[in-house]
Amino acid sequence: MPEQITDAFLALLPVYGPWLLGLTTYLSCLALPVPSSLMMIASGAFVASGDLSGAVMIGSAFGGAVLGDQTGFHLGRRATRFLPDDGSPKGKLLREAIHKLQAKGWMTVYLSRWLFSPLGPYVNLAAGATGYSRRAFSLADLAGEATWVALYIGLGITFGANLTAASEFAANMLGLIAAGVIALGLLWWLWRAAHAPTQD
Amino acid sequence: MKVLARLWREQRVALVAFGLAAVLALFFAVKLLVLTIYWSDPAHRQVDPAPWMTAGYLARSWHVSREDLDPVLGVERVGRVPLKDIAAMTGKPVEQLIDELRAALPAMTAHHMGN
């Protein structure tokens with residue numbers, strides 16, 4: 001995202017705070033390219049500087065995200081023709097999402113809210129389209145979005161006096177958690193393989 | 001070692017993937033540590049003023065009180081208004097206001113820290 005657009009978003013934030021943040025998280029859950037992570041960090045910073053209310057900003061970010069996910073789920077339910085076709089990069093992400101969803105539904109929904117968030121919008125569509133239970137989806141979604149919002153607004157409150165610092169922290173922390181989760185998963189797989197009876 | 005040899009034979013892809021993920025995790029951990037050390041110095045956290053920032057935001061970043069900024073901003077006790085709007089209120093270009101802030105902030109911080 002070009003710097004001017006990001007700065008324009010940021011300048012509107014202290015003025016239209018909760019509405020703008022809610023709209024941003026809503027749109028980001030529909031795979032639209034809005035700087036939602038940065039906006040949440042900046043909101044946290046404005047909460048810490050006394051410009052905006054913490055409860056209101058957390059509420060609007062959370063509300064927007066959950067509403068966006070429900071919209072995506074609903075779209076998936078209603079119309080399979082909205083799904084990107086198999087050949088496109090988005091189609092590939094979608095197929096990956098369907099595959100993951102069938103294997104471990106709630107975990108996929110939960111982790112795709114915050115840890116693997118680029119997958120989130122596609123998991124919503126896939127969950128809706130493949131007939132995943134709305135109740136199970138919503139529960140995992142609420143927990144996941146709460147994690148996402150708490151993480152970024154919390155980072156903003158703590159480190160937001162410098163957005164570069166906060167963004168770098170967020171990126172590296174999520175990178176560490178993601179790589180760590182994958183490494184632990186593979187370690188578990190290898191441990192089981194090492195204790196299985198020999199193949200030859 | 002025997003276990004490793006067996007895994008290399010039977011689970012090569014998983015073993016290599018694990019190695020890569022572990023190296024990546026280590027990389028992020030080291031970077032996080034470096035960032036923590038760098039950003040824990042208050043002087044590194046002072047941001048260059050930008051049009052989207054509010055008086056409160058700048059004051060927090062530079063460890064000064066909000067009221068200290070009033071003489072430079074030319075307005076008193078302004079609320080959640082970005083610098084570009086403050087500049088418009090006082091009838092000067094935002095670039096000029098930012099230059100004035102850049103000049104004034106380091107002295108204010110030094111004063112606050114008791115130097």
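Predicted model: local features only at pLDDT ≥ 70, side-chain atom pairs only at ≥ 80, totals over all residues.
Local features are described where pLDDT is at least 70, side-chain atom pairs count only at pLDDT 80 or more, and totals for chains, interfaces and linings use all residues. Residues are numbered from 1 along each chain as its sequence is written, while chains are lettered from A and ligands numbered from 1 in the order in which they are written.

The C-alpha atoms of chain A fill a box of roughly 65 × 40 × 30 Å along the principal axes. Of the 200 residues in chain A, 46% are buried; a residue is buried if 20 or more other C-beta atoms, placed from the backbone, lie within 10 Å of its own, exposed if 12 or fewer, and partly exposed in between. Contacts are pairs of residues whose C-beta atoms, placed from the backbone, lie within 7 Å. Among the contacts in chain A with a separation of 6 or more, 78% join residues 24 or more positions apart.

Next comes the meeting of the two chains. Here, 33 residues of chain A are in contact with 33 residues of chain B. On the chain A side, α1 (3-28), α2 (36-48) and α8 (163-195) each give two or more residues, and the largest share, 17 residues, comes from α8(A). This side divides into 23 nonpolar, seven polar and three charged residues. In this grouping, Ala, Val, Leu, Ile, Met, Phe, Trp, Tyr, Cys and Pro count as nonpolar, Asp, Glu, Lys and Arg as charged, and the others, Gly among them, as polar.

The interior can be described through its nonpolar cores, each a set of buried Ala, Val, Leu, Ile, Met, Phe, Trp, Tyr and Cys residues joined through C-beta atoms within 7 Å. The largest core has 51 residues, of which A:Ile41, A:Ala42, A:Ala61 and A:Val149 touch the most other members. Its largest share, nine residues, comes from α2(A). Leaving aside residues up to four places away in sequence, A:Ile41 touches residues including A:Tyr152, A:Leu163 and A:Ala170. A second, separate core of 16 residues includes A:Leu111 and A:Ala140.

In chain B, B:Ala43 is found in helix α3 (residues 42-45). B:Ala43 counts as exposed because it has 7 C-beta neighbours inside 10 Å.

Methods
Contact = placed C-beta atoms within 7 Å. Helix = DSSP H or I, 4+ residues; strand = E, 2+ residues; numbered from the N terminus.
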